[in-house]
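Here are my notes on this one, jotted down as I went through it.

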Amino acid sequence: MRCAILSLLIATAATALGKRVELHWDIGYLQANPDGLDQRRVIGVNGKWPPPVIEVNEGDVLAIHAHNSLDEPTSLHAHGFHQRGTTYFDGVPGVTECGIPPNGNFTYEYSITQTGTYWLHSHYEAQYTDGLRTPVVIHANKEPHRYDEDMVVMLEGWYHRNSKDVLQQLLSTSEYVRNLPFRPYMLVNSHGGSDLRPTTFKFQPGRTYRLRLLNVSATGMVRFGIEQHEMHVIEVDGTATEPKLVNSVQLSVGQRVSVLVTAKNSTEANYAYHADMFTDIQAGVERAVLPYTSIVEYAKGAPLVNATDKDSTVGWDFFEDVDLVPIDKQAPPGVNKWVPLEARTAIFDDRREHLTFNNRTYAKPTVPTLTTALTTGYQAFYPDVYGFKTHPIILDPMTDVEVAVFNHDNNSHPFHLHGHSFFVYRRGAVNDDPAKIRNAGPYPVRRDTVTIPPREFALLRFKADNPGVWLFHCHMAFHAEQGMMATFIEDPYYIRNGTNLPKEYSDNCKQMGIPLAGNAMGHQGLDLPDEPKGPFPLAS
């Protein structure tokens with residue numbers, strides 16, 4: 001109850017200070033050729049692509065009236081928004097809604113109580129990789145850092161194939177087909193191509209710029225840096241930090257990093273910036289660095305300062321976040337509930353490659369998990385009612401939770417938690433090599449998306465103070481669709497007694513033929529006849 005009252009007070013106070021921002025989005029298909037190399041069908045808004053950048057202020061209310069003009073369902077997820085008291089606006093079909101059916105409507109309404117850099121994207125299958133994504137900038141009423149200009153730098157590995165084609169290849173039963181090479185093409189602010197449409201950033205001497213970096217790719221980590229320019233990290237995933245000096249940053253899918261860059265005092269030269277993608281999605285394909293270089297322009301036609309890898313001032317060192325210090329210093333919670341998640345990729349007995357937590361692959365239930373929590377009474381406290389394949393984890397209210405994620409794969413994974421920012425408490429190697437243990441300080445940084453390198457682990461802590469249904473998953477879009485997801489059901493009692501669904505929720509479910517009550521399979525109680533449990537890993 002205290003949590004609910006506090007959330008209401010925060011939302012009420014924020015609303016009183018801000019304005020209401022209303023957007024009307026007609027989500028539909030159109031053609032685009034962002035890198036000058038290949039025209040393909042994309043998903044845009046109001047007949048335009050890319051969708052517009054959204055900018056709001058702390059204290060505003062943002063309402064997006066979405067209409068679906070596609071031939072398949074869609075949704076909108078505000079990546080990084082905590083959605084306190086509004087889990088039904090989290091935008092995940094099968095989890096917090098049924099989805100928006102073709103010709104359907106849904107209004108997402110957000111009380112803006114956070115600040116920093118976020119993004120909005122579809123959470124229906126891997127649909128956002130077809131273009132339905134855009135940055136969201138929330139300006140703080142009292143900004144802790146000073147700068148002259150704000151720039152969004154959206155980094156994206158773009159595929160010339162639609163998401164369904166790529167996913168079909170990755171889920172093929174043929175190893176040969178799975179490992180046929182395919183590659184992303186780098187876009188910066190939805191433009192790219194080799195010397196065709198580079199995105200140039202214009203600097204004026206002596207000015208300080210805030211670059212809001214976002215990785216909105218389907219797959220792959222991106223390195224960003226500017227030749228002969230220092231950068232200071234001042235924000236990660238919406239958490240303002242004390243400045244940290246770096247010459248480059250690496251962002252995994254879903255992560256955001258703001259850096260301050262002070263321009264040189266001369267216009268005698270322009271400087272190359274690097275937005276290089278490291279791709280390792282396919283287990284049987286050699287990893288590759290896909291370079292992308294463009295220009296920070298001080299004067300048109302001035303000589304370009306670039307460098308080979310040997311002489312470059314832009315490094316490839318892993319961007320360590322465990323030593324970042326947040327401006328708002330908070331001590332991490334203890335541990336009342338320990339949640340170990342072993343992340344693995346393997347061939348299963350259906351001859352397909354799946355990605356798993358604890359050898360369990362996620363599959364969307366017939367009935368959204370939120371609907372099940374609302375309609376099954378006391379049985380909402382039983383994990384089984386949500387279905388084995390949703391990997392349900394029940395959290396009691398105000399529990400101190402530690403999620404221990406062990407990455408046993410040979411590639412990194414970016415793990416994203418809905419509904420919370422977690423403390424990055426510790427990092428280390430899965431083989432317990434003491435030399436690789438990195439502990440946070442007394443006030444660890446808080447993020448919503450964490451990169452865990454190959455054969456490493458991370459301990460993530462948060463307090464279960466936000467009742468709702470929250471997904472935890474790898475944010476490589478295809479990895480999530482291949483099964484690397486789990487579901488937190490936080491405070492089922494409050495969900496049932498403190499949630500008032502918008503009418504469009506049930507309207508859309510009815511239109512899609514999805515039951516409005518019941519367990520994961522749409523039956524009563526723990527009656528889940530013939531519930532699928534597999535596939536299962538092949539014995540090694």
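1. Let's start at Y493, which sits in helix α6, residues 492-498. Keep in mind that this is a predicted model. Y493 has a relative accessibility of 54%, so it counts as exposed; the cut-off for that word is over 50%. Y493 also belongs to a nonpolar surface patch of about 560 Å², together with Y378, F381, Y382 and L526.

2. Most residues other than glycine have a negative phi, and most peptide bonds are trans. D491 counts as buried because its relative accessibility is 11%, where buried means under 20%.

3. D530 is exposed, though, with a relative accessible area of 76%.

4. Now for α7 itself (residues 503-511), whose buried residues are Y505, N508 and C509. Looking down the axis of α7, you find these buried residues within an arc of 100 degrees, so they line one face of the helix.

5. What do the buried residues of α7 pack against? Their partners are β6 (105-111) and α4 (369-375). Just after α7 comes G513, with a positive phi of about 70 degrees.

6. Two cis peptide bonds to check. One runs from W49 to P50, with omega near 5 degrees, and P50 is in the loop between β2 (40-45) and β3 (54-57). Another runs from G534 to P535, again with omega near 5 degrees; P535 is in the segment after α7.

7. Finally, the chain as a whole. There are seven helices and 34 strands. A compact globule of 540 residues would have a radius of gyration near 24 Å, and the 23 Å of this chain agrees with that. Buried residues account for 58% of the chain. Of the contacts between residues at least 6 apart in sequence, 78% join residues at least 24 apart. The accessible surface is about 21500 Å², with 50% of it belonging to carbon and sulfur atoms.

Terms used: Residues are numbered from 1 along each chain as its sequence is written. This is a predicted model: local features need pLDDT of at least 70, side-chain atom pairs count only at pLDDT 80 or more; totals for chains, interfaces and linings use all residues. Side-chain values use heavy atoms; hydrogens and water are left out. Patches are made of residues with over 30% relative accessible area and no salt bridge: like charges are joined within 9 Å, nonpolar side chains (Val, Leu, Ile, Met, Phe, Trp, Tyr) within 5 Å. Accessible areas come from the Shrake-Rupley method with a 1.4 Å probe; for residues, only the protein chains shown count as cover. A salt bridge is a side-chain nitrogen of Lys or Arg within 4 Å of a carboxyl oxygen of Asp or Glu. Helices (H or I, at least four residues) and strands (E, at least two) are DSSP runs, numbered from the N terminus. Buried means under 20% relative accessible area, exposed over 50%, partly exposed in between (1.4 Å probe, protein chains only). The radius of gyration is taken over C-alpha atoms; the globule rule is 2.2 Å times the number of residues to the power 0.38. Contact means heavy atoms within 4.5 Å. The arc is that of the directions from the helix axis to the C-beta atoms.
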